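Reader: I'm new to reading protein structures. Could you walk me through this one?

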Amino acid sequence: MTTIDLDARFDPRELRNALGRFATGIAVVMAQDEDGPIGVTVNSFSSVSLDPPLILFSMARSLHSLARLEKAKAYSVNILMESQQDISNRFARAGEDKFSATPWEIGPSGAPRLVPAHATFECVPYAHYDGGDHVIFVGRVVHLHAEGEGDPLLYYRGSYRLLASIAQEG
């Protein structure tokens, strides 16, 4: 019988490189509290359930604004378009005023949201889970908005990528 080593350790760079072979979309999570708006770029977004409508994303425990995000009454997950690489970069960095150069508004949930975004999911907290060096956030979607046609901003093997168009035979 084969035994599985649950204490197996991997070189962090090797693990990151292997995980990077899964192409992801990029989103910006936004919330607001008495200290102002919060925003962070993520590529750990996924749908969970249609009934009830649930989504998830994860945040590193080292994130400076993690405690504020954990207490947020509502947040938005804004899926970025291929033309929004600058927004992705801005919200991936800590310590700067991310919102002054970014078009945003307060959505129906009370959370800030990007204007425009490829799609926006406004959520109220549903659950938080331990995810090792991350916290997994599950949100219940209370409002959504999807822009017109266009391509998403993608991330693959450490770089931004564009979606290749595939011609369909007619």
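Reader: How many of the 7 residues of strand β2 (residues 27-33) are buried?

Author: Quick ground rules before that one. Residues count from 1 along each chain as its sequence is written, and this is a predicted model, where local features need pLDDT of at least 70, side-chain atom pairs count only at pLDDT 80 or more, and totals for chains, interfaces and linings use all residues. Side-chain values use heavy atoms, with hydrogens and water left out. Strands (E, at least two residues) and helices (H or I, at least four) are DSSP runs numbered from the N terminus, while buried means under 20% relative accessible area, exposed over 50%, and partly exposed in between (1.4 Å probe, protein chains only). Strand β2 is largely enclosed by the rest of the structure, because its buried residues number 6 of the 7.

Reader: Which residue of β3 is the bridge partner of Asp33?

Author: Two strands pair if DSSP finds at least two bridges between them. β2 and strand β3 (residues 36-42) run antiparallel, joined by 7 bridges, and they form a hairpin with 2 residues between them. In β3, the partner of Asp33 is Gly36.

Reader: And what is the bridge partner of Val28 in β6?

Author: β2 also runs antiparallel to strand β6 (residues 75-79), with 5 bridges joining them. Within β6, Val28 has as its bridge partner Asn78.

Reader: Which strands are the edge strands of the open sheet?

Author: That sheet has 3 strands in the order β1-β11-β12, with antiparallel pairing.

Reader: What does Gly25 pair with in β11?

Author: β1 and strand β11 (residues 154-156) are antiparallel and share 2 bridges. In β11, the bridge partner of Gly25 is Leu154.

Reader: Is Thr102 buried or exposed?

Author: Thr102 sits in the loop between α3 (85-92) and β7 (104-106). Leaving aside residues up to four places away in sequence, Thr102 touches Ile87, Arg90, Phe91 and Leu114; contact means heavy atoms within 4.5 Å. Its relative accessible area is 6%, so Thr102 is buried.

Reader: How far apart in space are Glu105 and Val28?

Author: Glu105 lies in strand β7 and, at 32% relative accessibility, counts as partly exposed. Not counting residues up to four places away in sequence, it touches Ala111, Pro112, Arg113 and Val115. Glu105 and Val28 are 77 residues apart in sequence, and their C-alpha to C-alpha distance is 14 Å.

Reader: Which residues make the nonpolar surface patch?

Author: Leu19 is one of them: this residue is in helix α1 (residues 12-19) and counts as exposed, at 57% relative accessibility. Patches take residues with over 30% relative accessible area and no salt bridge, joining like charges within 9 Å and nonpolar side chains (Val, Leu, Ile, Met, Phe, Trp, Tyr) within 5 Å; a salt bridge is a side-chain nitrogen of Lys or Arg within 4 Å of a carboxyl oxygen of Asp or Glu. Areas come from the Shrake-Rupley method with a 1.4 Å probe, and for residues only the protein chains shown count as cover. The patch covers about 340 Å² and is made by Phe10, Leu15 and Leu19.

Reader: Zooming out, what is the radius of gyration of the chain?

Author: The chain has 3 helices and 12 strands. The radius of gyration is taken over C-alpha atoms, and the globule rule is 2.2 Å times the number of residues to the power 0.38. For 170 residues that rule gives 15 Å, and the chain is close to it, so it is as compact as a globular protein of that length, with a radius of gyration of 17 Å.
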